[in-house]
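Here is a short briefing to read with the model open beside you. Take a moment to find your way around the chain, and then work through the points below.

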Amino acid sequence: SAPDLSLTTQRLTPDEIDTVLSLGRPERGMPAPFPAFASEELQDVQTFLEWLGNNRGTVEERFNATAADRSIDWTTIPWWEYR
């Protein structure tokens, strides 16, 4: 299954995130993005991951408040497109 990207900034440094977004993690089944991200896109994704990590609890609370009988399973969200 895919990793929980809401915890990415807790597990990886910004440089490590850039490396993963540029080269992928082939040893774990994640190919490099194609087409490659432009530098501005890398920064946008980095900013989103930081926001998601900082606001994970709020996102979860709001989701749970609007989806009474469901909860978020962060590992099943299709963050990446698989081939």
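**Salt bridges, helix packing and confidence**

Searching the whole structure, which is a predicted model, turns up 2 salt bridges.

**A charged pair**
- Arg56 and Asp4 join their side chains in a salt bridge, with 2.7 Å from N to O.
- Since Arg56 belongs to helix α4 and Asp4 to the segment before α1 (8-11), this pair ties together parts that lie 52 residues apart in sequence.
- As background, side chains of opposite charge can pair when their charged atoms come close.

**How α2 and α3 pack**
- Two packed helices are described by the angle between their axes and the distance between the axes.
- For α2 and helix α3 (residues 39-54), the angle is about 125 degrees and the axes are 10 Å apart.
- On the α2 side, the contact is made by Pro14, Ile17, Asp18, Leu21 and Ser22, which meet Leu42, Val45, Gln46 and Leu49 of α3.
- Sorted by type, the residues in this contact between α2 and α3 comprise 6 nonpolar, 2 polar and 1 charged.

**The loop between them**
- Pro35 sits in the loop that links α2 and α3.
- The peptide bond leading from Phe34 to Pro35 is cis, its omega being near 0 degrees.

- Across the protein the average pLDDT is 84, and 89% of the residues score at least 70.
- Among the elements, helix α2 (residues 14-23) has the highest mean pLDDT, 94, while helix α4 (residues 56-66) has the lowest, 83.

Terms used: Residues numbered from 1 in each chain as written. Predicted model: local features only at pLDDT ≥ 70, side-chain atom pairs only at ≥ 80, totals over all residues. Heavy atoms only, no water. pLDDT = per-residue confidence, 0-100. Helix = DSSP H or I, 4+ residues; strand = E, 2+ residues; numbered from the N terminus. Axes fitted to C-alpha atoms, helices over the stretch in contact; angles between N-to-C directions. Contact = heavy atoms within 4.5 Å. Nonpolar A, V, L, I, M, F, W, Y, C, P; charged D, E, K, R; others polar. Salt bridge = Lys/Arg side-chain N within 4 Å of Asp/Glu carboxyl O.
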